[in-house]
Amino acid sequence: MQARFSQVIKRFRDDARGGTVVLFGLSLIPAAGIAGVAVDYARGQWMETKLQTALDSATLAGSRQTTSARSTFATNTFNAGKPEIDGSIASPTWTTNTDGSFSGTVTASVNTKFSALVGVPTMNISLKSKASQAVQDDACILTDRNSTRLNSSHIPLSRMPSSA
């Protein structure tokens, strides 16, 4: 196989007609563009994960506070844990729901490097988090209902560790 590959490379190198080189050169343009878009997408996913972690932490921290102090405490926790991104992060919004749970939402806009060359200068991220505190103890349950990449996540009760 290696000998065959060496023959192909030698034939490519020795071809004096030039058509192969032109075709190869032209094929590099879309290949580089696809690789660039993949890099931007990976950066966006990484930043989304970091923001989701900060939002989840802040939502859990806020849900443990008295109702009047929740929003301030959650905002301070979010600001302490949010990542530095190449773009902008809007201030999170907090809601104490009628069922006693505490929710947070945040949006961000991440600047792209390679996708900007094809007319997509930013990637928008919108995240939500909700935490409920159990009545009988200090446990909190975090649910993720509407992430841009994850529709729902939960732990079925049959898989919850027993407290015995």
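Strands S2 and S3 pair in the antiparallel sense, with 4 bridges between them, in what is a predicted model. Within this pairing, Trp94 has Gly104 of S3 as its bridge partner. The hairpin that S2 and S3 form has 5 residues between the strands, and Gly100 takes a positive phi near 90 degrees there.

With S4, S3 pairs in the antiparallel sense over 10 bridges; here Gly104, the partner of Trp94, stands opposite Ser129. S3 is also mostly covered, 7 of its 10 residues being buried.

Ser103 counts as buried because its relative accessible area is 15%, under the 20% cut-off. Its side chain makes a polar contact of 2.7 Å with the side chain of Asn97. Beyond its neighbours within four places in sequence, Ser103 is in contact with several residues, including Thr59, Thr93, Trp94, Ser129 and Lys130.

Attention now turns to the nonpolar interior. In soluble globular proteins, nonpolar side chains tend to be buried together. In this model, the largest nonpolar core comprises 15 residues, and Leu55, Phe78, Trp94 and Leu127 have the most contacts inside it. Two or more residues come from each of helix H2 (19–63), helix H3 (70–81), strand S3 (102–111) and strand S4 (122–133). The most is given by H2, with 5 residues.

Helix H3 shows how one of these contributors is placed. Its 12 residues reach 16 Å from the first C-alpha to the last, close to the 16 Å expected at 1.5 Å a residue. Arg70, Ala74 and Phe78 are the buried residues of H3. They cover an arc of only 55 degrees around the axis, and therefore lie on the same side of H3. An α-helix has 3.6 residues a turn, so residues three or four places apart point the same way. Thr72 and Ala80, on the other side of H3, are exposed. The cover over the buried residues of H3 includes H2, S1 (87–89), S2 (93–96) and S3.

Conventions: Residues are numbered from 1 along each chain as its sequence is written. This is a predicted model: local features need pLDDT of at least 70, side-chain atom pairs count only at pLDDT 80 or more; totals for chains, interfaces and linings use all residues. Side-chain values use heavy atoms; hydrogens and water are left out. A nonpolar core is a set of buried Ala, Val, Leu, Ile, Met, Phe, Trp, Tyr and Cys residues joined through side-chain atoms within 4.5 Å. Buried means under 20% relative accessible area, exposed over 50%, partly exposed in between (1.4 Å probe, protein chains only). The expected span of a helix is 1.5 Å times one less than its number of residues. The arc is that of the directions from the helix axis to the C-beta atoms. Contact means heavy atoms within 4.5 Å. A polar contact is a pair of N or O atoms within 3.5 Å; within protein, one must be able to donate a hydrogen and the other to accept it, and residues adjacent in sequence count only if both atoms are side-chain atoms. Two strands pair if DSSP finds at least two bridges between them.
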